[in-house]
Each structure stands twice: as structure tokens, then as C-alpha cells.
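Hi,

Here is the structure I promised to pass on.

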Amino acid sequence: MATPATARPGERGAKDVDTSDEFRLLATLEDGPVKEQIRRRVITAWLPMAHRLAYRLRERGEHLDDLKQVAALGLVKAVDRFDPDRADAFEQFAIPTITGELKRHFRDHTWHVHVPRRIQDLRNRVRIAVKELSTTLDGRTPSTEQIAAHAQLSEQDVTLGLRALETYRSLSLDAALDHGDGGSEEQHTLLHVIGALEDAFALVEDRESVKPVLARLPERDRRILYLRFFQDMTQSAIAAELGVSQMHVSRLLNRALARIRAEATRAPAGKYRKAA
């Protein structure tokens with residue numbers, strides 16, 4: 001019968017249990033209370049092994065209790081899928097199943113920002129390299145070149161991996177910021193220090209693009225444009241003020257706008273925006 005071996009968390013090479021008799025018996029039993037009892041006994045016997053696999057991943061930022069639950073789920077799947085007639089040792093079958101369940105948990109549930117699988121793998125290789133190098137550099141942070149050489153990666157891939165280290169967790173925009181003044185009652189959050197796109201920038205560019213064109217227009221055309229767009233006067237009111245017909249005002253207005261569009265569009269690239 002199953003006899004769990006004593007092993008500390010994370011201990012490698014520890015002999016676990018022998019449940020070969022139980023697995024052969026499970027293969028012959030129909031679903032029912034007896035089979036379920038034996039199944040639970042097998043799962044309990046192998047649970048320390050599953051917890052050891054979870055313990056090895058404890059430094060990746062996830063709570064150990066959560067990792068143990070995921071590993072236990074992988075163990076249950078391994079027990080249910082194991083066929084003693086096709087495999088000799090349950091441990092050899094269960095470890096890849098449990099490890100795969102843990103990796104899937106990290107990939108699907110712990111990343112707050114979606115990162116491609118390749119970048120996640122780079123992150124793990126870079127993280128391990130940094131950890132190993134830190135023990136040989138007297139606490140100094142390894143350079144990108146040193147990490148690349150140690151992990152056998154290109155410096156570009158190391159840069160991607162380092163960036164991925166910063167995207168594993170996200171920070172709420174409502175997170176309070178500590179300015180160190182101690183006496184301020186006003187609470188500042190991350191949202192207060194994040195810049196936003198200023199819509200008026202586009203308006204400034206539009207104005208600058210038409211300024212030289214407006215300066216070259218005849219005085220009467222500039223006055224008509226001023227009255228129409230800055231004084232919000234109708235064409236009839238403009239015609240009455242200038243002593244001309246409304247139709248003539250309309251022709252002058254259309255001609256001036258067409259000239260502005262044409263000349264502003266011909267402005268050198270990078271100096272002016274295309275006028276709307």
C-alpha cells in the first residue's frame with residue numbers, strides 16, 4: 001500500500017511512494033465508492049511531490065498556496081490519466097503533467113499585461129541569468145552584455161526579456177504616490193503624473209500652417225475671412241457692410257479658402273500640417 005516518504009519542501013531526488021498496486025487495482029474497478037476511496041488515497045500519497053514542484057516556482061511572484069493548489073490539480077489529472085499497462089513509473093508520468101499545469105497557470109493567469117509566449121520565455125531565461133550572475137558579481141547588477149553571454153541570447157532578446165520583467169504586474173492608476181513631504185493632506189495618484197495628448201497641439205499646427213498664406217492674401221479677402229470666421233457674421237451681413245452683393249462675397253470667400261488650402265498643402269514636409 002502507499003507509504004509516503006518523508007521529504008522537505010523543494011528537496012530533490014527524494015523517493016516518494018509506491019502506489020503500483022493501487023493503480024493496477026484502479027484499472028480494474030468500476031466507478032463507485034471503493035474506487036473513489038483508493039483514488040483519494042493515491043492522490044494524498046503523491047501530494048508531497050506535487051507541493052515540491054510548486055515550491056520550486058515560489059520566487060516567480062505568485063503565492064505559494066496558489067501554486068500548491070494548481071500543482072494538486074495537475075496531480076489529480078495525472079492520477080486519472082495514468083495507465084499502469086502503458087507506463088512503468090507514475091512519477092515519470094506525473095511530473096510533466098504537473099509542471100505543465102503550473103506553466104499554464106503562469107502563462108494564462110498571472111500576467112496582467114498580455115505578452116507573447118516567446119517574450120515570456122525570454123523573461124524567464126533573463127530572470128534566471130540575472131539571479132545566477134548576481135551571486136558572482138558581488139551584488140552588482142549584471143550588464144545586458146553579461147546576461148546575453150550567460151543566457152546565450154542576443155542583446156536584443158535580453159532587452160525584450162528585461163522589459164517583460166516589468167510587465168508581469170500592473171499598477172492601478174488610483175495607486176497612491178508617496179512624495180515624502182509627510183504633511184500634505186492631498187493624495188496624489190499615478191493618474192496625476194501621467195501625461196495626456198493635448199488636442200490644442202493640432203490646432204496650433206493648423207494656425208501656423210495658414211499664417212503665411214493669410215499674410216499674402218489681399219486686404220479685402222482677409223477682412224471677409226475675419227468677419228465670417230472670427231465675428232461669425234453671415235454672408236448677407238458681410239455683403240451689407242462691404243457694400244457688395246452676397247454672391248460676390250461668396251465668390252471671394254470660396255476663392256480665398258481654395259488658395260489657403262492649395263498653398264498650405266504645398267508647404268514643405270515637416271514644417272506644416274496639411275490644412276483641413
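Below are my notes on the salt bridges and on one pair of helices.

One thing before you dig in: this is a predicted model, and residues are numbered from 1 along each chain.

Salt bridges first. The count comes to 15, and I picked out a few to go through.

Let's start with aspartate 31, whose side chain meets that of lysine 35 in a salt bridge, with 3.3 Å from N to O. How exposed are the two partners? Aspartate 31 has a relative accessible area of 71%, so it counts as exposed. Lysine 35 is at 23%, which makes it partly exposed; the cut-off for buried is under 20%.

The next pair is glutamate 208 with lysine 211, again a salt bridge between side chains, this time at 3.1 Å from N to O. Where do these two sit relative to each other? Both are in helix 8 (residues 200-216), and because they are 3 residues apart there, about one helical turn separates them. Glutamate 208 is partly exposed, at 37% relative accessibility, and lysine 211 is partly exposed too, at 48%. Exposed would need over 50%.

Then there is aspartate 232, which forms a salt bridge with arginine 228; their closest N and O atoms are 3.8 Å apart. The cut-off for a salt bridge is 4 Å, so this pair is within it. Aspartate 232 is exposed, at 62% relative accessibility, whereas arginine 228 is partly exposed, with a relative accessible area of 27%.

Now the helices. Helix 9 (residues 219-229) and helix 10 (residues 235-242) have axes that come within 10 Å of each other and cross at roughly 140 degrees. Is that antiparallel or oblique? Roughly antiparallel would take an angle over 145 degrees, so helix 9 counts as oblique to helix 10. The crossing of helix 9 past helix 10 is right-handed.

Which residues make the contact? From helix 9 they are Arg223, Ile224, Leu227 and Arg228, and helix 10 brings Ile238, Glu241 and Leu242. By type, the contact of helix 9 with helix 10 has 4 nonpolar residues, 3 charged ones and no polar ones.

Cheers

Notes. This is a predicted model: local features need pLDDT of at least 70, side-chain atom pairs count only at pLDDT 80 or more; totals for chains, interfaces and linings use all residues. Side-chain values use heavy atoms; hydrogens and water are left out. Buried means under 20% relative accessible area, exposed over 50%, partly exposed in between (1.4 Å probe, protein chains only). Helices (H or I, at least four residues) and strands (E, at least two) are DSSP runs, numbered from the N terminus. Axes are lines fitted to C-alpha atoms, for helices over the stretch in contact, and angles run from 0 to 180 degrees between N-to-C directions. Angles under 35 degrees count as roughly parallel, over 145 as roughly antiparallel, 65 to 115 as roughly perpendicular and the rest as oblique. A crossing is left-handed if the near helix is turned anticlockwise from the far one by less than a right angle, and right-handed if clockwise. Contact means heavy atoms within 4.5 Å. Ala, Val, Leu, Ile, Met, Phe, Trp, Tyr, Cys and Pro count as nonpolar, Asp, Glu, Lys and Arg as charged, and the others, Gly among them, as polar.
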